[in-house]
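Keep the viewer open as you read.

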Amino acid sequence: MKATRKLPKPTQSTSSHCNNFKDGAVVKLEAETIVSPNDAHSLDGNCNSAETVKVSPPKPVQTKGCFVFKPSANKRRKTPTVEDYFTHGCEDTENSKLRFRNCQTLWEKMKADTELLQDELNRKILDSLLAFIRKSVSTFQRGTDDWASRMRAHEIPTAALVLGVNVPDHDMTFQCLSDQLQQSVTPFVVSVQATECAALNHMLQRVLERLMGTSVSVDNEEEPEQRSTNVNQKRVHCSLITLCNWYKTVTKVCSYCKEHPPIVVIFKDLEAFNPKVLQDFILICSRYVEQLPLMFVFGIATSPSTIQHMLPHSVSSLLGIELFQSLSCTQHLASVIDKVILTSQFPFKLNGKVLQVLVSIFLYHDFSVRNFINGLQLALLEHFHSQPLSVLCCKEAAALVHATELSHRDVERLQQLPSFMRYVEEQGPQEQVELLTSDDHVKEVCQKLLKDLCKYHKNYYPTLRCLHILTASLPKYPLGKQIRELHISCLEKNVWENDEYVSAMQLLRMMAKDELTSALQKCAEILKSVKTKKMRATLLEMKTSRRTKKMSQFEILRDQALEFIDSLVRSHLAPPESQPLYEVCYYSSSAVLRRHLNATPRTSIQTALSNPYHYLKNEDLRAEDGTVSNAAPDICIVYKLHLECGRLINLYDWLEAYATVVSAAEGKDPDSADFGKVDELKHARFIQAVSELEFLGFIKSTKQKTDHVSRLTWGGC
């Protein structure tokens, strides 16, 4: 018999050696010593002599180790940056980094200007809201004894903020309002949305959690619909008492809360709230107006009458409502276009079709200025990513420098531009040879053309504004009511060739003297930047003719002014396609932009079902036009078979046809007895595919025949 004795614990040196393992290294040591039976007997007798214990030679020590090694910094996988995503897939990788920097710099400037513009547009209504809230706070704190003040003291001050149907832009407005309230009025501001307030307890939970900064437990043992209003109010009454106690404690401790700041609750989307939940919440809050300085802000997208439709008189009478109307989304869009697009400050431009796509999406889909700006950002990104010569799309000084640094491949791309080819055709034979053979000469000409393009933009926009001022007040708006409409017309073709332009000039000759003089005076103010002395001299003569000259002389001066405006239009409002190198600055891929921003889900679904290879890229699914491979997914087979049917589809015939196709895909002999036989597995697969088609909206059940379904879509082949 052998006895086992474990080794003593390691000494300090051993432990210090083990502690040398860094970075999570794990070490396990195991060792044992074998002792003979006699030695074991001596050990049992507690022998203290070392000679009485004979220890057999120890076995080799067994060790187990687990070590963690950190990879070196050079071997670590780097996280791709935004620049890496941009340069990946670029046509020209040589200047892709420079194009990315130009794109990023340009977008940051455009974004800063649009944000500043939006702040200026929202400042008026936000200042009015802040003044209303401050006035309500002073009334609550003053506590006057007159009858009107006592009656208003029992009302909750409520601001009805009508923002319009451009719902995606509301978040930015409410965020600005919340920030300004917290900075200048009160730190107690909370925003709620209808999606998180399906029941009264949920609404109270959100309000209390965001105000108090702690979790609030909610009893969910029974459904909210099963509880009466009285039970709701009793349960929430205790929660609001907790809020009252918390508010008193906070206002005593807080150094900047000396005058009892109000508690502002913002309802972002009032129309989407459950009317019953909103009514109960207002009823409960009205019982605590003397203890809590509550204030509401209703975000309304449609009409102020929404409050009357959602709240009965018994509830709305508890609110002291004041209406605030924000700037309309169309005026907001006009300001953004005027600031970002109709300016020579930014070298990036949109052609007529691309701008028309963005405006159409705005007018016919969401009225969202934010989405319009996102579309502009997408066009900017696509232009710099897909156009290698967009390296020249920057400020004039930087563009001239980049033009001298063009590579031979960039020069070849420059020579292949349609606008540059037209320019070459207009030159003499010797100049054509130089432009097609000498890179240095092309670079010199490129600098000259870039200067001409910048000059074109500087003259284009003042002339455009003058023409809009003169024609915007004409009957029936022959050239459009908005300046963007006139701008799109000028981008597409020569505007002076339109019949609308001819009729507009005729109407201007019949305009009253005062109106025409006022419009021309505005044009003179705009044209000061381009130094048109002739226009200002003519206007001065017209101004004096009102007092000293006869009407016939005025008509002469009027014709001279209009002829001068017409000459400006013909000289400076030519389409950008007439300018060499316009492709450098103008983005024209309207189809790409429409595909990204204006998706067609039904078309994509029908493409996926009729041609699964288009998305899956599996060679087994490749088939001829109008056919579907036998190896296609079940829903594709069922969809293709349903296209061959009429308005009503027999489910049994449909199932047999599906089983035949699937049997062929399985490689069964067509002459065998099992070919086309419906088993349980095929039956289940068929039912699942039919259910998916019904979910996608291609078929529906019908009561005309129990074993039939009705087809809902046509023309999907």
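Three strands make an open sheet in the order 12-14-13, with antiparallel pairing. Its edge strands are strand 12 (648-650) and strand 13 (699-701), each of which pairs on one side only. From one strand to the next, the twist averages 40°. Before going on, please note that this is a predicted model, in which local features need pLDDT of at least 70 and side-chain atom pairs count only at pLDDT 80 or more, while totals for chains, interfaces and linings use all residues. Residues are numbered from 1 along each chain as its sequence is written, and side-chain values use heavy atoms, with hydrogens and water left out.

Helices (H or I, at least four residues) and strands (E, at least two) are DSSP runs numbered from the N terminus, and two strands pair if DSSP finds at least two bridges between them. Axes are lines fitted to C-alpha atoms, for helices over the stretch in contact, and angles run from 0 to 180 degrees between N-to-C directions.

Strand 13 and strand 14 (residues 708-711) are joined in the antiparallel sense over 3 bridges. Isoleucine 699 has arginine 711 in strand 14 as its bridge partner. Helix 29 (residues 651-665) packs on this sheet, where it touches strand 12, strand 13 and strand 14, and its direction makes about 60° with that of strand 12. Contact here means heavy atoms within 4.5 Å.

Another open sheet has 5 strands in the order 6-7-8-5-9, with parallel pairing. Strand 6 (189-192) and strand 9 (319-325) each have a single partner strand, so one side of each is left without a neighbour in the sheet. Neighbouring strands are turned by 20° against each other on average, direction ignored. Strand 7 (residues 263-267) and strand 8 (residues 294-300) run parallel and are joined by 5 bridges; valine 265 has phenylalanine 296 in strand 8 as its bridge partner. Helix 6 packs on the sheet, touching strand 5 (156-162), strand 6, strand 7 and strand 8, at about 180° to the direction of strand 7.

| Helix pair | Axis separation | Angle |
|---|---|---|
| Helix 17 (residues 418-425) and helix 18 (residues 429-437) | within 9 Å | roughly 150° |
| Helix 26 (residues 601-610) and helix 28 (residues 634-643) | 8 Å | about 100° |

Helix 17 and helix 18 are therefore roughly antiparallel, whereas helix 26 and helix 28 are roughly perpendicular. The cut-offs are under 35 degrees for roughly parallel, over 145 for roughly antiparallel and 65 to 115 for roughly perpendicular, with the rest oblique. Phe420, Tyr423, Val424 and Glu425 of helix 17 meet Gln432, Leu435 and Leu436 of helix 18. In the other pair, Gln606, Ala608, Leu609 and Ser610 of helix 26 meet Ile635, Cys636 and Tyr639 of helix 28.

Which is buried and which is partly exposed, histidine 170 or serine 344? Histidine 170, in helix 6 (residues 170-184), is buried, with a relative accessible area of 6%. Serine 344, in the loop between helix 12 (329-341) and strand 10 (349-350), is partly exposed at 40%. Buried means under 20% relative accessible area, exposed over 50%, and partly exposed in between (1.4 Å probe, protein chains only). Neighbours within four places in sequence aside, histidine 170 contacts Leu163, Gly164 and Ala301. The C-alpha atoms of serine 344 and tyrosine 456 are separated by 9.3 Å, although these residues are 112 residues apart along the chain.
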